[in-house]
Amino acid sequence: MLNDFLIFQKNEITEYHIYKRLARKIKKEQNAELLTRIADEEYKHYTFWKEYTNTDVKPNRFKIVFYYLIARLFGITFGIRLMEIGEKQGRLDYNKII
């Protein structure tokens, strides 16, 4: 289960960085604040898993660049919805562990 926890933790820190990076590029302040709040929630999830793993993990740089470019090329909404598809799989994995 530790390996699963490390994967969850890596996903959370990766998503944190994606949302933070997107928030810095959004011109509309209200949307930028929303993305920053989502990023902060992802960071809380990262620290939750870190309590169980006692390990710092690095984010997946490829995913950060990939989703950032997708959002910039096809729009923020498309990029975030694409990320949500992956999050649904993550929730299924969480349920499996529980």
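This is a predicted model: local features need pLDDT of at least 70, side-chain atom pairs count only at pLDDT 80 or more; totals for chains, interfaces and linings use all residues.
**Overall build**
- From the N terminus on, the order of elements is α-α-α-α.
- Of the 98 residues in the protein, 32% are buried.
- Among contacts with a separation of 6 or more, 72% join residues 24 or more positions apart.
- The protein has an accessible surface of about 6900 Å². Carbon and sulfur atoms hold 56% of that surface.

- The buried residues of α3 are Ile-64, Tyr-67, Tyr-68, Ile-70 and Ala-71.
- These residues cover an arc of only 160° around the axis, so they sit on the same side of α3.
- An α-helix has 3.6 residues a turn, so residues three or four places apart point the same way.
- The face turned away from the buried side carries exposed residues: Arg-61, Phe-62, Arg-72, Leu-73 and Phe-74.
- At the start of α3, Asn-60 places a side-chain oxygen within 3.1 Å of the backbone nitrogen of Phe-62.
- Just after α3, Gly-75 has a positive phi of about 105°.

**Aromatic pairs**
- The structure contains 11 aromatic pairs.
- In one of them, the ring centres of Phe-5 and Trp-49 are 4.9 Å apart. Their planes meet at 40°, so this pair is tilted.
- Phe-5 belongs to helix α1 (residues 2–25) and Trp-49 to helix α2 (residues 29–53), so the pair ties together parts 44 residues apart in sequence.
- Buried means under 20% relative accessible area. Phe-5 is buried because its value is 13%. Trp-49 counts as buried too, at 11%.
- Phe-48 and Tyr-52 also form an aromatic pair, and this one is edge-to-face. The centre-to-centre distance is 5.2 Å, with 65° between the planes.
- Phe-48 and Tyr-52 are four residues apart in helix α2, so about one helical turn separates them.
- Phe-48 is partly exposed, at 39% relative accessible area.
- Ring pairs join Phe-5, Phe-8, Phe-48, Trp-49 and Tyr-52 into a cluster.

Notes
Residues are numbered from 1 along each chain as its sequence is written. Side-chain values use heavy atoms; hydrogens and water are left out. Buried means under 20% relative accessible area, exposed over 50%, partly exposed in between (1.4 Å probe, protein chains only). Helices (H or I, at least four residues) and strands (E, at least two) are DSSP runs, numbered from the N terminus. The arc is that of the directions from the helix axis to the C-beta atoms. A polar contact is a pair of N or O atoms within 3.5 Å; within protein, one must be able to donate a hydrogen and the other to accept it, and residues adjacent in sequence count only if both atoms are side-chain atoms. Contact means heavy atoms within 4.5 Å. Accessible areas come from the Shrake-Rupley method with a 1.4 Å probe; for residues, only the protein chains shown count as cover. Rings of Phe, Tyr and Trp (its six-membered ring) pair if their centres lie within 6.5 Å; planes under 30 degrees apart count as stacked, over 60 as edge-to-face and the rest as tilted.
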